[in-house]
Amino acid sequence: FRDMSSILPPRSARPAVPRRNRVPPAITRGPENMPAAGILDEIPGDLGVTLWRSVRNVTLWAATPPQRRGSLFCGTAANVREADMGGLEVDAELVAPLSVMVRLLESPAAMDVPRVVNACRRISVWAEQRGSLATALEFMQAAAQAAPQVAALAYAVGRLARRRAQYDRAESWYGRAI
């Protein structure tokens with residue numbers, strides 16, 4: 001058929017069918033064997049472990065429905081984290097964001113999303129400035145998971161994944177940003 005107009009009714013006569021634009025889930029892991037293991041590779045010692053635990057806590061918190069967050073962490077988790085951080089030598093830029101991570105353990109139901117997102121972004125910027133791109137990526141991704149409606153966060157995750165040559169992961173986050 002050369003002329004499709006003889007087969008199809010005119011466009012105005014066809015019912016309008018709304019298109020559904022579904023965004024597939026973003027790729028949240030790279031080639032590492034354990035989630036966020038890149039943090040432990042880049043940041044040595046107790047600070048690396050504290051950052052790794054913090055990003056895992058935020059990821060869990062973000063994935064939990066708000067009405068169920070109250071019982072997410074055990075009652076002593078915040079005290080244990082504070083004790084662990086007591087002997088750490090941390091840069092001044094990390095003090096406030098890490099204190100937010102402790103507050104998240106202390107009262108997960110009362111923690112507001114913008115505060116968690118800001119803390120994750122600040123840690124991500126700190127890590128990126130030091131060339132620790134895996135750490136920067138994990139914390140920016142945690143921020144994007146906590147606030148999935150914020151396109152700028154998804155874009156930032158895509159940018160960091162691209163810089164790490166994780167192109168499929170980057171593409172999935174760019175798709176979410178769009």
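Leaving aside neighbours within four places in sequence, which residues is Leu51 in contact with? They are Ile39, Ile43, Leu98, Ile123, Trp126 and Phe139; contact means heavy atoms within 4.5 Å. This is a predicted model: local features need pLDDT of at least 70, side-chain atom pairs count only at pLDDT 80 or more, and totals for chains, interfaces and linings use all residues. Residues are numbered from 1 along each chain as its sequence is written, and side-chain values use heavy atoms, with hydrogens and water left out.

**Overall build**

- The chain has eight helices and zero strands. Both are DSSP runs, numbered from the N terminus: helices are H or I with at least four residues, strands are E with at least two.
- Read from the N terminus, the order of elements is α-α-α-α-α-α-α-α.
- Of the chain's 178 residues, 39% count as buried. Buried means under 20% relative accessible area, exposed means over 50%, and partly exposed lies in between (1.4 Å probe, protein chains only).
- Among contacts in the chain with a separation of 6 or more, 61% come from residues 24 or more positions apart.

**Nonpolar core**

- In soluble globular proteins, nonpolar side chains tend to be buried together.
- The largest nonpolar core here has 48 residues. Such a core is a set of buried Ala, Val, Leu, Ile, Met, Phe, Trp, Tyr and Cys residues joined through side-chain atoms within 4.5 Å.
- Leu47, Leu51, Leu98, Met101, Cys120 and Phe139 have the most contacts inside this core.
- At least two core residues come from each of H2 (45-63), H3 (77-86), H4 (92-106), H5 (113-129), H6 (133-146), H7 and H8.
- H6 gives the most to this core, with nine residues.

**H7 against H8**

- H7 (residues 151-163) and H8 (residues 167-177) pack at about 165 degrees, with axes 8 Å apart. Axes are lines fitted to C-alpha atoms, for helices over the stretch in contact; angles run from 0 to 180 degrees between N-to-C directions.
- H7 and H8 are therefore roughly antiparallel. Angles over 145 degrees count as roughly antiparallel, under 35 as roughly parallel, 65 to 115 as roughly perpendicular, and the rest as oblique.
- H7 passes H8 in a left-handed crossing. Left-handed means the near helix is turned anticlockwise from the far one by less than a right angle; right-handed means clockwise.
- H7 residues in the contact include Ala151, Ala154 and Tyr155, and those of H8 include Tyr167, Trp173 and Tyr174.
- By class, this contact of H7 with H8 has ten nonpolar, one polar and four charged residues. Ala, Val, Leu, Ile, Met, Phe, Trp, Tyr, Cys and Pro count as nonpolar, Asp, Glu, Lys and Arg as charged, and the others, Gly among them, as polar.

**H5 against H7**

- H5 and H7 pack at about 25 degrees, with axes 13 Å apart. H5 and H7 are therefore roughly parallel.
- The crossing of H5 and H7 is left-handed.
- Val117, Arg121, Ser124 and Glu128 of H5 meet Leu153, Arg159, Leu160 and Arg163 of H7.
- The contact of H5 with H7 has three nonpolar, one polar and four charged residues.

**Two buried positions**

- Thr50 sits in H2 and is buried, with a relative accessible area of 4%.
- Not counting residues up to four places away in sequence, Thr50 touches Arg81, Met85, Leu88 and Leu98.
- Ala156 lies in H7 and counts as buried at 11% relative accessibility.
- Ala156 and Tyr174 are 18 residues apart along the chain, and 8.6 Å separates their C-alpha atoms.
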